[in-house]
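Could you walk me through the strand pairing and the surface of this protein?

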Amino acid sequence: MRTLGRLVIRRRWWILGGALVFLPVAGLLGGSVEQRLSSGGFNDPVSESARAADILDARFSAGTPNLVLLVTANAGTVDDPGVAAAGTDLTGRLATEEGVTNVVSYWTLGRAAPLRSKEGRQALVLGRVPGDEDAVRDATEGLAARYGASSGAITVGVGGAGEVFNQIEAQAERDLKRAELLTFPITVLLLVVVFGSAVAAGLPLAVGAVAVVGTLLVLRIVTAFTDVSIFAFNLTTAMGLGLAIDYSLFVVSRYREELRSGYEADQAVVRCLHTAGRTVAFSALTVAISLAALVVFPLPFLRSFAFAGVGVVLMAALGAVVVLPALLSVLGRRVDRLALFHRQPKPVEDGFWYRRARAVMARPVRVVIVVTGLLVTLGVPFARLELGLSDDRVLSSDAAVRRVGDEIRAQFASQEAGALAVVAAASPGGHDGIHGYAEALSALPGVARVDAATGFYAGGRRVLPPNLLSARFVDAGGGTWLSVVPTVEPLSPEGERLVEAVRATPAPFEVLVTGESARLVDGKASLAGRLPLAIALIVVATFVLLFLMVGSLLVPAKALILNVLSLSATFGALVWVFQEGHLAGVLDFTSTGTISIVTPVLLFCIAFGLSMDYEVFLLSRIKEEYDLGADNDDAVAVGLERTGRIVTAAALLLALVFVAFATAEVTVVKIFGVGLALAVLVDAFLIRATLVPAFMRLAGRANWWAPKPLRRLYLRWGIFEDEPPAILDRLGC
């Protein structure tokens, strides 16, 4: 890093000029990224449900209805002549829409009872838009404006997956803009308070601007090769700003410390990069590794966070270790210009965090028992985690598509839009056995009706013979499929049990099952199968990196254990709040009794990296003091004092960025905001300020022990400053 420091000093004007050119170019190229983002990506493309959906689309041009019109009679019931005529006309108009297929309704199906509400004032029109989530979103864009209104005898509401995608994307964009407006003035104020100088406070913001604009360019490049989720856009821009400020705080703070020690500006830049810059690079690498582990999952939603997140972290680190040092080299001692107040540094022994560390190390057993007990208690609800898929209820209860979904759930006995499709994997060459198979499926608990080429079934028997609509269940090659309409909520444990029952029912030919419930079952299985690999990659890579930094086995192991303890408390709190709905009124969301299957995985990878971020900041300074001759307890206390104020400020600023997303009206974004803010605050205040010094006090010199072969490995490849004699002596070399 010293070489980089000298290079930055020599080329500082080139670097700053390049940054000034980069900002408008990246903004211009990356400004259109929102138009290329995806609303989907939640399905494993090789799962049974995905393969069944592909067959259904390719061979039958059919599938689960993803476009729903809720028709309400303005007077009377849906069977009144005027209402029936308006409903039939509406069905015909929807059938002529480009890209909309398989349009049926209560009236065109001979007044089918499942499509009529319990009170008789509402009925459904169902349609399907083929393609993936983005194709469905694009095709249904504008339908709400054309159909969602009151006209004559009826009032129409537009629902279904396509309209949900449209409204989520629009709301997420509004949420992001509101979060930015909320965080910016508070961030500026906190930076001024931390540094006491307008110039110094402006530097992290400048790096943050580079990181955020660079993030847009990174995302734009990534979208050229793979889908990137709209949620990845929200979260990675927040991470880009937060990490840039975090890293800049650490670098600027160390630079000012070197100036106070008597070094000239250029010397201070070199020393700053060799210490704080190295730590920032190391920290960015740990965060990037945690995010990169998401690539092992087959869901495009998670993989998009891996590609985009790694780019964002590297962009923030590049700004902090290249652009920021160039700025510092130009400013020199003017970094403290426009000071609003002067804070006289206290002797280390009089500092708050030094005294805090000493107090903790005076009674380490008591601290470990109390704090660990608190974290375990917070983590207990995590054992009650129930995973599900997101639907319209991620939106505010005021959203139009959400109101449609609520009405359908409350007023209709069957879940027409949540039907399972049972598809023949290959053409059976005839329809022998379909009748008996459909009877068996219709007798399963939780099944309202089975529609097949041989008729319509309910309660274990055929209730209607085949008609003209039955032709949609066969293709020219002799293939067939069946529609299993449930009475249970598709995205629920009951819906999952129904999928297992359907798949376990003997069939006369090989079948594949798809539908919302099947996607949930397959999604869980897909994530569970890859989760051990992702965790192993994160743990092993992080352990190796920490070993190369500190040269011991116990410190990396302790860091990993404390990180898991911190994250379990965070996840427990999220289950208590969002799954069980204890703060639903305060945070303004609807609890569905589940958390999206992708949320714990994504939060784990992101929060693990961010939590390890502060661990690296603290351990690097403790190790630096230990290498320079301090004993274990002094190194811990001085290290905490040197980093305490800045890491606390960084944690508060990063938490502020994430907390702003708690104001979002999309529950998924709200969960990420609250979860990441909790993870950062728990790690910064409970783990770093209490458990780290307590455990390191209990371990004593064992903190720095490693077997001789590993000591030699560390001396050859480790990351430490200069190899002073103290290091060699303590390693027994």
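Here is a short tour of the sheet, a hairpin and a surface patch.

This is a predicted model, in which local features need pLDDT of at least 70, side-chain atom pairs count only at pLDDT 80 or more, and totals for chains, interfaces and linings use all residues. Residues are numbered from 1 along each chain as its sequence is written, and side-chain values use heavy atoms, with hydrogens and water left out.

Two strands count as paired if DSSP finds at least two bridges between them.

| Strand pair | Bridges | Direction | Residues facing each other |
|---|---|---|---|
| β1 (residues 67-73) and β5 (residues 154-159) | Six | antiparallel | Val68 and Gly159 |
| β9 (residues 455-458) and β10 (residues 461-464) | Three | antiparallel | Tyr457 and Arg462 |

β9 and β10 form a hairpin, with two residues between them. In its turn, Gly459 has a positive phi of about 65 degrees.

Now to the surface. Val21 sits in helix α2 (residues 12-30); helices are DSSP H or I runs of at least four residues. Val21 has a relative accessible area of 53%, so it counts as exposed (over 50%, with a 1.4 Å probe and protein chains only). Together with Val25 and Leu29, Val21 makes a nonpolar surface patch of about 260 Å². Such a patch joins nonpolar side chains (Val, Leu, Ile, Met, Phe, Trp, Tyr) within 5 Å, from residues with over 30% relative accessible area and no salt bridge.

Note on methods:
Patch = residues over 30% accessible without salt bridge, like charges linked within 9 Å, V, L, I, M, F, W, Y side chains within 5 Å. Areas by Shrake-Rupley, 256 points an atom, 1.4 Å probe, with all protein chains shown as cover. Salt bridge = Lys/Arg side-chain N within 4 Å of Asp/Glu carboxyl O. Buried < 20%, exposed > 50% of the residue type's maximum accessible area, 1.4 Å probe, protein only.
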